[in-house]
Amino acid sequence: MAELLKDKNILIMGVSNKWSIAWGITQACFDAGANILLSCQDERTEKTVRELTRNMEGIKIYRCDVTDDEQVKCMFDNIKKDVDVLHGLVHSIAFAKKEELEGAYYNTSRDGYLLAQNISVYSLVAATRYAKPLMTDGEGSIVTLTYLGSERAIPNYNVMGVAKAALEASVRYLAADLGPDNIRVNSISAGPIKTISARGVKDFTSMLKQYEEKIPLKQPVTQKEIGDTALFLLSSLSRGITGENIHVDGGYHILGI
Ligand code: NAD
């Protein structure tokens with residue numbers, strides 16, 4: 001797989017530490033020869049990411065809080081100065097307030113609902129709008145991360161499940177918009193992985209335990225497996241696929257529980 005993304009410029013949004021799913025994707029893309037561009041939420045995250053990537057030659061790092069339109073625009077302006085073309089965009093960003101990730105969904109506050117949609121869904125729409133004019137090489141691939149809570153009522157996932165449903169619908173609309181430019185848009189529905197975001201969901205450990213006991217493939221999914229699927233979606237191996245949601249969860253989603 002060493003040459004799969006050779007000389008391709010891939011922007012990955014959402015690495016904050018070594019547990020991040022985006023970090024697994026970064027490693028897979030780097031090993032496949034991509035030129036990596038990373039965006040981090042804030043100064044603290046940037047510091048961690050600079051440390052993580054210190055032995056990875058050529059990686060470019062930007063700072064971007066996706067709730068701020070000016071920062072999103074500024075990042076893409078800087079990217080345009082650094083690379084003449086973008087081939088791939090990975091959106092691995094989500095957020096909901098901890099208090100919205102427990103109990104009954106009907107208790108979701110208006111603020112909490114809007115915040116989850118803003119950070120976890122609208123950011124994909126905005127990033128796509130800025131990435132499109134940079135995808136001028138006759139091809140492009142955009143990948144985002146979702147979870148089964150969009151399709152099923154998973155305890156405590158609540159407002160994030162509704163945000164993921166909107167994210168998956170956005171993937172289909174964006175795929176229809178960008179198909180004529182040969183830019184593909186797909187999502188990966190990852191099985192549960194212990195990350196900072198996942199720990200925000202109440203009783204995440206029990207959710208993980210139930211998943212581990214029941215998955216058909218018997219092995220919980222890893223960052224590396226998500227990274228390899230993202231690599232496939234970013235590469236020309238998946239050139240016939242757009243608007244799709246690929247479950248990388250060891251088969252858990254097929255179960256009738
Ligand atoms: P993570 O905490 O490592 O990543 C979430 C990222 O979102 C962080 O890098 C954080 O900095 C970024 N972010 C949050 N608010 C932001 C803002 N305002 N501006 C810019 N960036 C912001 O956790 P993760 O589990 O790797 O999550 C990545 C994606 O994978 C998310 O979309 C998540 O919903 C999805 N996902 C996770 C799991 C899981 O079990 N961990 C399962 C399925 C899907």
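**Helix packing and buried positions**

H4 passes H5 in a right-handed crossing. The model is a predicted one.

Me: By class, how many charged residues are in the contact of H4 with H5?
Reply: H4 contributes residues including Tyr113, Ala116, Val121 and Leu124, and H5 contributes residues including Val162, Ala166, Leu167 and Leu174. By class, the contact has 14 nonpolar and 5 polar residues, and the number of charged residues is none: no charged residues.

Me: What is the handedness of the crossing of H1 and H8, and how many nonpolar residues are in their contact?
Reply: The crossing of H1 and H8 is right-handed. On the H1 side the contact involves Ile21, Trp23, Gly24, Ile25, Ala28 and Cys29, which meet H8 residues including Ile226, Asp228 and Leu231. By class, the contact of H1 with H8 has 3 polar and 1 charged residues, and the nonpolar count is 9.

Me: Is methionine 135 buried or exposed?
Reply: Methionine 135 lies in the loop between helix H4 (110-131) and strand E5 (140-146). Not counting residues up to four places away in sequence, methionine 135 touches Leu86, His87, Gly88, Leu89, Gly140, Ser141, Ile142 and Ile183. Buried means under 20% relative accessible area. Because its relative accessibility is 6%, methionine 135 counts as buried.

Me: How far apart are the C-alpha atoms of methionine 135 and leucine 89?
Reply: Leu89 is among the residues that methionine 135 touches. The two are 46 residues apart along the chain, and their C-alpha atoms are separated by 9.6 Å.

Me: Which exposed residues are on the face of H2 turned away from its buried side?
Reply: Thr45, Glu46 and Val49 are buried in helix H2 (residues 43-52). They cover an arc of only 100 degrees around the axis, so they sit on the same side of H2. Strand E2 (35-40) and strand E3 (60-63) are among what covers these buried residues. The face turned away from the buried side carries the exposed residues Glu43, Arg44 and Lys47.

Conventions: Residues are numbered from 1 along each chain as its sequence is written. This is a predicted model: local features need pLDDT of at least 70, side-chain atom pairs count only at pLDDT 80 or more; totals for chains, interfaces and linings use all residues. Side-chain values use heavy atoms; hydrogens and water are left out. A crossing is left-handed if the near helix is turned anticlockwise from the far one by less than a right angle, and right-handed if clockwise. Helices (H or I, at least four residues) and strands (E, at least two) are DSSP runs, numbered from the N terminus. Contact means heavy atoms within 4.5 Å. Ala, Val, Leu, Ile, Met, Phe, Trp, Tyr, Cys and Pro count as nonpolar, Asp, Glu, Lys and Arg as charged, and the others, Gly among them, as polar. Buried means under 20% relative accessible area, exposed over 50%, partly exposed in between (1.4 Å probe, protein chains only). The arc is that of the directions from the helix axis to the C-beta atoms.
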